[in-house]
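Today I wanted to look up the aromatic rings and how they pair. My notes are below.

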Amino acid sequence: HRRKIIAVMESAGALSSSGINPQEVTADILCEFLEVAFHLILYVREVYPPVVFQRRQKYNVPVQMCVHPQLNQYIQDVLYNTRLLIVKKAVEKVVLVIKSKTDQQPLERYVFNVEDPVLRSEARDDVLVQLEASLRAFLLKIAVCDAMLAPTPADGCTFSVLVYAKHSAVAGLEHDDLAKGFPWVQAEPEERDVISDPIIIPLKSVSSSLLKLQLYIEENPAKA
């Protein structure tokens, strides 16, 4: 895995000479991280039973990744198409929502707030080391976040992913051959899983020349 990140970062270090789009690099790094983070959240919050997860190593830290083919395909499809929007600088935030299985009420919102990276001159190796350490810290925070949250319902949970993006960019994907015909649907106000007066739990943030990201949890106070 480290080899893959290094390859991406080396590409970023040679942007000016190779013509690589830095936003493509940012999109690759972010979506790779979001995939790992989503799986870990679903494991930690017991949305699915532990038996469908396997222990793996990402960013030099142990994580749990689901091995259920349909769930994996759903997450990969969401992130593949989210990446197309990130490249267009059209994504404001990506939110994983854990909901009650019985009444579909939102219980927890894991908000990944995305901003444009601050371009600055940094040594390639320094960027690599700092960014990998930051992503590792994100995962470590997620791994212990259950200690800060009330338990999820015993009768089970489900989840959804919301992408807050510019409407024009989403509409443009309908004509993009790379979008695979993914069925983006604009959420109605009642479908946006907003939590009234949530408990805000900041987890981690990072700001580098390739990625600027903040993660926090919105918890439903009525859950407890």
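Here is what I looked up, entry by entry.

**Ground rules.** I am working from a predicted model, where local features need pLDDT of at least 70, side-chain atom pairs count only at pLDDT 80 or more, and totals for chains, interfaces and linings use all residues. Residues are numbered from 1 along each chain as its sequence is written, and side-chain values use heavy atoms, with hydrogens and water left out.

**Ring pairs.** I searched the whole structure and got seven aromatic pairs. Rings of Phe, Tyr and Trp (its six-membered ring) pair if their centres lie within 6.5 Å; planes under 30 degrees apart are stacked, over 60 edge-to-face, the rest tilted.

**Tyr43 and Phe53.** The ring centres of Tyr43 and Phe53 are 5.3 Å apart with planes at 70°, so I noted the pair as edge-to-face. Tyr43 sits in helix α3 (residues 22–44) and Phe53 in strand β1 (residues 53–58), 10 residues apart. Helices (H or I, at least four residues) and strands (E, at least two) are DSSP runs, numbered from the N terminus. Buried or partly exposed? Phe53 is buried at 7% relative accessible area, while Tyr43 is partly exposed at 29%. (Buried is under 20%, exposed over 50%, partly exposed in between, with a 1.4 Å probe and protein chains only.)

**Tyr48 and Phe159.** I found the ring centres of Tyr48 and Phe159 6.3 Å apart and the planes at 80°, so this pair is edge-to-face. Tyr48 is in the loop between α3 and β1, and Phe159 is in strand β5 (residues 157–165), 111 residues apart. Phe159 is buried at 10%; Tyr48 is partly exposed at 28%.

**Cluster.** I also noted one aromatic cluster formed by Phe33, Phe38, Tyr59, Phe112 and Phe138.
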